[in-house]
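Visitor: Hi, I'd like a quick tour of this protein model. Can we take it one piece at a time?

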Amino acid sequence: MRKIYILLLFPVLLLTSCEEIFEYHPNQIRLRDSEKNLTQRNINRIQQQTPGDTLRLVVMGDTQRFYDDAEDFVKAVSAMEGVDFVVHQGDISDFGLAKEFRWVHDIMKRLPVPYLTVIGNHDMMSNGKDVYQQMYGDMNYAFVYGKVKFIFIDTNGREYRFNGKVPDVGWLQRQLTPTPEDTWEQAVIISHMSPFGSDYDGKLRLPFQQALEQSGRVQLSLHGHEHNWEFYQPEEGNVTYQITTSMNNRGFSYIKIWSDGFKIQRVHY
C-alpha cells in the first residue's frame, strides 16, 4: 500500500516542481513578483535621480518580435552618458502574449537607466491588455520629473471600435491643468498612436489637439506605431508631433528638453 501511495504522489510532486516549465495555455498570465508593477517601480527609480536643467530621454518603440534589434538597442543606449530614462512607445509585443512581454522586459531591464512604456495596439491583442496592466500598471498615467510633467495616454482608438472614449480627453485636460501646489512648467505627451493616423479615433483628433494647445504648456507630443520617422507641426499650433521609427529599422530618438525648448536627434544604431 505504501508503495502505491508513493507512486501516486510522484506525478503530483513532478508537476509542482516543474511549475516554471509547463505552459498550460498560451494566454495564461503568470508573472513573477519582479515582473509586476514595473511602471511605478521605474518612476520611483527616476524620481530618486537628481534632474538637471536639461532632461535627456531616449525614445523608441515597436519592439514586437524584433528581439535581436532590441538587444542591440540596449547595447547602444548603454554606451550613452547622461540619459535620464528610456521611453518605449508601445507595441511591446506582437500578439499580446505574456511570454512576449516577458521576453522584451528581459532585454529592457539590462538598460542602465529606468524605462517606461505606453500601451500599443498589438499589446491589446488576445488578453494583452490584462498582461500590460498586471506587468506595468495603468494605461493612462503621469508623473513629474524636474519641471516637466510626462503624460502617458492610451490612444489606440481602433481597438475600442472608435467609441469616442479613447483617448480620454477629459483625463488629459485634467492632467494639463496645474494646481497651485504644482511645480511643473511644461508637459510632454506620450502615446502609441499619433492623432494623425488612421487607427486614431477621428472624432477625438481635434479635441486632443485643442487640449494640448489650450493648456499653453505642451511643446512636444511623442508617438510610435508607423515604423517610420515622421514630424508634424501644424501651422495653427505650437505643438510639435514627433513619430519615432521601430526597432527593426534600428533607430531611436534622443531628446533633450529644457525650460523653453527641445532638440530631437534621430539616431541609427
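**Helix H3 and beyond**

Guide: Let's begin with a helix. In H3, the buried residues are Tyr67, Asp69, Ala70, Phe73, Val74 and Val77. Keep in mind that this is a predicted model.

Visitor: Where do the buried residues of H3 fall, seen down its axis?

Guide: They fall within an arc of 155°, so they line one face of the helix.

Visitor: Why would residues a few places apart point the same way?

Guide: An α-helix has 3.6 residues a turn, so residues three or four places apart point the same way.

Visitor: And which residues are exposed on the other side of H3?

Guide: Asp68 and Lys75 are exposed there.

Visitor: What covers the buried residues of H3?

Guide: The cover includes strands E1 (55-60), E2 (85-88) and E10 (251-258), along with helix H4 (98-108).

Visitor: What span should H3 have?

Guide: H3 has 12 residues, 67-78, and at 1.5 Å a residue they should span 16 Å. The end C-alpha atoms are 16 Å apart, which agrees.

Visitor: Let's switch to Thr63. Where is it?

Guide: Thr63 sits in the loop between E1 and H3.

Visitor: Is Thr63 buried or exposed?

Guide: Buried. Its relative accessibility is 1%, and the cut-off for buried is under 20%.

Visitor: What does Thr63 contact?

Guide: Leaving aside neighbours within four places in sequence, Thr63 touches Ala70, His88, Asp91, Ile92, Val104 and Met247. A polar atom of the Thr63 side chain lies 2.8 Å from the backbone oxygen of Ile92.

Visitor: New topic: the open sheet. What's the order of its strands?

Guide: The 6 strands run E4-E5-E6-E7-E9-E8, with mixed pairing. The edge strands are E4 (141-145) and E8 (230-232), and each pairs on one side only. From one strand to the next, the twist averages 15°.

Visitor: How many bridges join E6 to E7?

Guide: There are 4, and these two strands run parallel. Ala187 stands opposite Val218 in E7.

Visitor: Which helix packs on the sheet?

Guide: Helix H7 (residues 205-215) does, touching E6, E7 and E9. The direction of H7 makes about 145° with that of E7.

Note on methods
Residues are numbered from 1 along each chain as its sequence is written. This is a predicted model: local features need pLDDT of at least 70, side-chain atom pairs count only at pLDDT 80 or more; totals for chains, interfaces and linings use all residues. Side-chain values use heavy atoms; hydrogens and water are left out. Two strands pair if DSSP finds at least two bridges between them. Axes are lines fitted to C-alpha atoms, for helices over the stretch in contact, and angles run from 0 to 180 degrees between N-to-C directions. Contact means heavy atoms within 4.5 Å. The expected span of a helix is 1.5 Å times one less than its number of residues. Buried means under 20% relative accessible area, exposed over 50%, partly exposed in between (1.4 Å probe, protein chains only). The arc is that of the directions from the helix axis to the C-beta atoms. A polar contact is a pair of N or O atoms within 3.5 Å; within protein, one must be able to donate a hydrogen and the other to accept it, and residues adjacent in sequence count only if both atoms are side-chain atoms.
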